[in-house]
Amino acid sequence: MAAPAARGSSLSGLLPAQTSLEYALLDAVTQQEKDGLVYQYLQKVDGREQDLLVPEFPEGLAWLNTEEPISVYKDLCGKVVILDFFTYCCINCIHLLPDLHALEHTHSDKDGLLIVGVHSAKFPNEKVLDNIKSAVLRYNITHPVVNDADAFLWQELEVSCWPTLVILGPRGNMLFSLIGEGHKDKLFLYTSIALKYYKDRGQIRDNKIGIKLYKDSLPPSPLLFPGKVTVDHATNRLVVADTGHHRILVIWKNGQIQYSIGGPNPGRKDGTFSEATFNSPQGVAMKNDVIYVADTENHLIRKIDLEAEQVSTVAGVGIQGTDREGGAAGEQQPISSPWDVVLGTSGSEVQRDDILWIAMAGTHQIWALLLDSGKLPKKNELKKGTCLRFAGSGNEENRNNAYPHKAGFAQPSGLSLASEDPWSCLFVADSESSTVRTVSLRDGAVKHLVGGERDPLNLFAFGDVDGVGISAKLQHPLGVAWDKKRNLLYVADSYNHKIKVVDPKTKNCTTLAGTGDLNDVFSSSFTESTFNEPGGLCVGENGQLLYVADTNNHQIKVMDLETRTVSVLPVFRSENAVVDGPFLVEKQKTVPKLPKSAPSVELSSVTACPGQTLQFKLRLTLPSGTKLTEGVASCWFLTAEDNEWLLQGQILSGDIENISNQPAISLQIPSNCLSLTAVISISVFLYYCSADSSACMMKGILFRQPLQITDVQPGRIDPVELRYVF
């Protein structure tokens with residue numbers, strides 16, 4: 001449909017008729033009455049001699065989540081369209097998004113509905129496309145968004161408030177407007193009746209709009225939802241289940257990738273490393289040059305031979321099994337959603353690693369795969385390759401019992417082995433009961449350690465409480481790791497976004513790291529660090545380090561248990577190029593230019609060695625009677641001119657949201673240093689205004705930190721305070 005000549009329509013033209021409708025709706029009792037009133041309203045406005053037409057989108061605007069720019073009078077002809085006038089700093093606009101998400105799930109573009117976000121900036125900072133892109137990702141906006149930086153449509157329609165919704169008919173004709181938040185019922189009512197009204201008249205088209213989500217156009221990240229991590233103690237290599245990329249990574253301890261096996265798409269194929277595929281792999285266990293993988297969504301256990309560079313299947317048939325007993329040879333035995341694996345030993349006194357213990361989440365059980373002929377507790381001699389149930393009835397319960405087959409688990413998702421006396425057990429992260437349990441390696445008895453409650457059928461006894469035994473509360477823990485050196489158990493308390501530590505002797509459970517805030521606000525200290533649904537963890541470096549698969553932050557975090565500091569493991573290829581993704585230096589935000597008047601502070605030189613973490617604490621003071629400007633992000637940036645190698649894997653920028661609680665900035669010295677001297681620069685931009693907001697200002701400051709790198713361990717480095725009074 002050709003675009004009409006401009007008519008200067010504004011929202012005020014809708015006001016008389018829509019006001020009458022809304023008064024009538026107040027008196028309507030039944031849904032049928034309300035539907036009828038809206039239908040009659042549409043008959044009235046649709047019968048006007050002249051439509052109230054929305055202006056065409058101007059050419060040259062930037063679009064997100066679309067294959068190409070959208071035209072009202074070409075692409076949207078035959079659709080009921082909702083224009084969402086929003087600005088991403090506006091809390092009311094954010095409150096409206098769940099209503100729009102729900103509406104999109106109710107009516108698709110095939111049904112004739114399309115939502116278009118019209119970003120109309122309030123602050124200059126919000127006109128920047130990169131900032132809008134971040135907001136689209138942050139708020140999971142999947143409908144098209146146009147950056148109307150000059151507010152053309154806003155002014156043409158005389159919009160006066162964020163948010164404002166404008167509902168259009170299939171000719172670009174304006175039907176309704178909704179101002180502010182809290183109108184979900186009206187939004188659904190007006191939209192559904194408009195779709196029905198125009199379908200009755202044959203004016204709705206079911207053509208699909210070319211949607212291309214912005215998040216799908218991003219460069220691949222080094223990791224995507226990594227589920228589990230384990231360490232090869234012989235070589236200190238890490239094995240990471242890069243679950244979202246459907247692959248297994250073997251990584252040197254400095255983050256360099258040695259092998260990438262499978263991915264990026266899901267599949268089920270054995271063969272060479274270039275041929276093999278996985279489907280959302282989770283648990284990994286490694287001994288010498290062999291890796292066992294819980295290939296979760298393929299319902300398989302896979303074996304990776306690093307020397308032969310081959311992948312094979314050792315258990316499962318590739319479809320979900322319902323057998324709760326097992327006993328067949330591995331490749332003939334159906335299994336169900338294996339979530340974690342750990343190597344152990346059968347009845348022999350000699351440590352042989354001849355059993356692969358399996359957390360079989362799909363049937364709520366613990367299984368065993370015999371890697372060599374051997375015995376399980378209370379079992380006769382079993383042949384090599386046998387795969388069978390060890391503990392758990394298959395009923396989804398939190399039931400402890402001296403008889404392993406009478407015990408009940410609820411989606412066991414993490415395993416760790418303590419083979420030495422007096423423990424001699426498997427630790428189990430039983431996610432749906434929110435407990436950690438033990439399974440005896442002597443007789444299979446299943447016992448409670450922490451979390452949950454005594455009623456075996458109550459799977460809702462979760463929380464976030466440090467305590468002893470049953471008084472401690474967890475929320476959907478997915479991982480456990482045994483620290484043989486300290487006789488402690490670490491727990492990935494996934495839905496509480498924390499790492500906890502349990503003393504199995506006293507059953508005392510306390511928080512070790514994580515604030516519980518799932519935002520990826522990086523801090524090097526245990527108490528200030530954040531995680532987002534961590535799924536797996538393992539102990540390495542002879543008990544010094546705890547590696548954490550920080551799943552929803554797409555990172556492997558490294559916790560130093562001696563210095564109590566946290567860092568991010570950089571992931572990069574062997575040719576020293578960082579894998580494309582959020583850590584890529586070239587992809588970082590552009591650092592704004594500091595004002596000429598910005599002071600420059602030269603700091604005293606610091607000496608550090610590879611692997612150490614420097615921490616900078618902002619201590620800035622605003623002038624009396626001022627406050628940070630709301631809606632404009634004050635921020636900091638980290639740079640290292642001519643020494644960009646220092647920045648690989650680092651957090652290079654961040655926001656300053658509260659002047660009374662300013663962020664800490666961390667920098668871990670890489671293991672491989674290309675220079676022994678460098679200068680780190682920290683640029684800070686503060687936007688602040690007077691208490692009554694009558695005058696707003698921006699100030700900048702530059703801190704320069706000279707750095708000396710040495711092989712000699714200098715000891716703990718005190719945080720550097722970045723102080724300045726404006």
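Contact here means heavy atoms within 4.5 Å. With that in mind, note that this is a predicted model, in which local features need pLDDT of at least 70 and side-chain atom pairs count only at pLDDT 80 or more, while totals for chains, interfaces and linings use all residues. Residues are numbered from 1 along each chain as its sequence is written, and side-chain values use heavy atoms, with hydrogens and water left out.

**The whole chain**

Begin with everything displayed: the protein has six helices and 43 strands, where helices (H or I, at least four residues) and strands (E, at least two) are DSSP runs numbered from the N terminus. Of its 726 residues, 56% count as buried, that is, under 20% relative accessible area, with exposed meaning over 50% and partly exposed in between (1.4 Å probe, protein chains only). Among contacts with a separation of 6 or more, 59% are between residues 24 or more positions apart.

**Phe57 and the core around it**

Select Phe57 next and, leaving aside neighbours within four places in sequence, show its contacts: Trp63, Ile70, Val72, Leu76, Leu83, Val116, Val118, Val146 and Leu153. A nonpolar core is a set of buried Ala, Val, Leu, Ile, Met, Phe, Trp, Tyr and Cys residues joined through side-chain atoms within 4.5 Å; the largest one holds 64 residues, of which Leu42, Phe57 and Leu83 touch the most other members. Helix α6 (residues 184–200) supplies the largest share of this core, eight residues. A second, separate core has 32 residues, including Leu603, Ile665, Leu667 and Leu686.

**Helix α6**

Now select α6, whose buried residues include Leu187, Tyr190, Ile193, Ala194 and Tyr197. The expected span of a helix is 1.5 Å times one less than its number of residues, so the 17 residues of α6 should span 24 Å, in agreement with the 24 Å between its end C-alpha atoms. After α6 comes Gly202, with a positive phi near 70°.

**Two loop residues**

Arg48 or Glu397: which is buried and which is partly exposed? Arg48, in the loop between α2 (31–46) and β1 (62–64), is partly exposed at a relative accessible area of 27%, and, not counting residues up to four places away in sequence, Arg48 touches Gly13, Leu14 and Ala17. Glu397, in the loop between β20 (386–391) and β21 (412–418), is buried at 10%; beyond four places in sequence, the contacts of Glu397 include Asp430, Arg437 and Pro456.

**Two open sheets**

Two strands pair if DSSP finds at least two bridges between them. Select the open five-stranded sheet with the order β11-β15-β14-β13-β12 and antiparallel pairing; β11 (271–272) and β12 (284–287) stand at its edges, each with a single partner strand, so one side of each is left without a neighbour in the sheet. Four bridges join β12 to the antiparallel strand β13 (residues 290–295), and there Met286 has Ile291 as its bridge partner.

Move on to the open sheet of four strands, ordered β30-β31-β32-β33 with antiparallel pairing, where the edge strands are β30 (536–540) and β33 (565–568). Within this sheet, β31 (residues 545–550) and β32 (residues 555–560) pair over six bridges, and Ile556 in β32 is the bridge partner of Ala549.

**An annotated span**
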